[in-house]
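Please keep the sequence and the structure in view while reading.

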Amino acid sequence: MLNIRLPFPSSKLSPNSRLHWAQRHRASKQAKGDACMLTMQAIQSSGIPEASLQHVLQLPQIDVRLFFHPSAKYRYDQDNLIARMKAALDGVSATLGVDDVKFNIAKAHIMPPCKSDPHVLVVVG
């Protein structure tokens, strides 16, 4: 299993936000770039053998679990949180070299707030 720690997704990426397309594009580009860089760091520091990772990536479906650690105790909509992660998951899949259509995301897990460091733990495999 590969654990990737990503920043909590911006509200600008929410399907419910009413932003100009250019602002949303900048937020998406930032999220995807951050995810690429952090996925590469997670691979390098994981100690997972390359053969094991390649075996998981060649499966027809790859289980991906999302653990959201928000900054405040707020009632988040799980579907909206997953939608906010679209750009970041694109970055993860691009770095892993797989099509994100293979990602099987069952549910978003909303964890207790982490005020000092809101983040999302993405578990691949």
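## Basis and overall dimensions

The radius of gyration is taken over C-alpha atoms, and the globule rule used for reference is 2.2 Å times the number of residues to the power 0.38. For the 125 residues of this chain, a compact globule would have a radius of gyration near 14 Å, and the value for the chain, 14 Å, agrees with that. The C-alpha trace spans about 45 × 30 × 25 Å along its principal axes.

This is a predicted model, in which local features need pLDDT of at least 70 and side-chain atom pairs count only at pLDDT 80 or more, while totals for chains, interfaces and linings use all residues. Residues are numbered from 1 along each chain as its sequence is written, and side-chain values use heavy atoms, with hydrogens and water left out.

## Order of the elements

Helices (H or I, at least four residues) and strands (E, at least two) are DSSP runs, numbered from the N terminus. The chain contains 4 helices and 4 strands. Their order along the sequence is β-α-α-β-α-α-β-β.

## Surface, burial and charge

A residue is called buried under 20% relative accessible area, exposed over 50%, and partly exposed in between (1.4 Å probe, protein chains only). On this scale, 36% of the 125 residues in the chain are buried. Accessible areas come from the Shrake-Rupley method with a 1.4 Å probe, and for residues only the protein chains shown count as cover. The accessible surface of the chain is about 7500 Å², and carbon and sulfur atoms hold 54% of this area.

A contact means heavy atoms within 4.5 Å. Of the contacts in the chain with a separation of 6 or more, 84% join residues 24 or more positions apart. For charge, Lys and Arg count as positive and Asp and Glu as negative, with His and the chain ends not counted. The place of a charge is NZ of Lys, CZ of Arg, CG of Asp or CD of Glu. There are 15 positive and 9 negative side chains, and the centres of the two sets are 9 Å apart.

Helix α1 covers residues 21–46. The expected span of a helix is 1.5 Å times one less than its number of residues. The 26 residues of α1 should therefore span 38 Å, and the distance of 36 Å between its end C-alpha atoms agrees. Its buried residues are A22, A27, A31, A35, T39, A42 and I43, and their cover includes β1 (2–7), α2 (50–57) and α4 (86–96). After α1 comes G47, with a positive phi near 75 degrees.

A42, a residue of α1, counts as buried because its relative accessible area is 11%. Apart from residues up to four places away in sequence, A42 touches L2, N3 and I4. A42 and N3 are 39 residues apart along the chain, yet their C-alpha atoms are separated by 6.8 Å.

## Helix α4

Helix α4 is mostly covered, with 8 of its 11 residues buried. These are A87, A88, L89, G91, V92, S93, T95 and L96. Their cover includes β1, α1, α2, β2 (62–69), β3 (103–110) and β4 (119–124). G97 follows α4 and has a positive phi near 80 degrees.

## Two loop residues

K12 belongs to the loop between β1 and α1 and is partly exposed, at 42% relative accessibility. Leaving aside neighbours within four places in sequence, K12 is in contact with S17, L19, R24 and A27. The C-alpha atoms of K12 and D77, which are 65 residues apart along the chain, lie 15 Å from each other.

D99 is in the loop between α4 and β3. With a relative accessible area of 46%, D99 is also partly exposed. D99 and S52 are 47 residues apart in sequence, and their C-alpha atoms are 18 Å apart in space.
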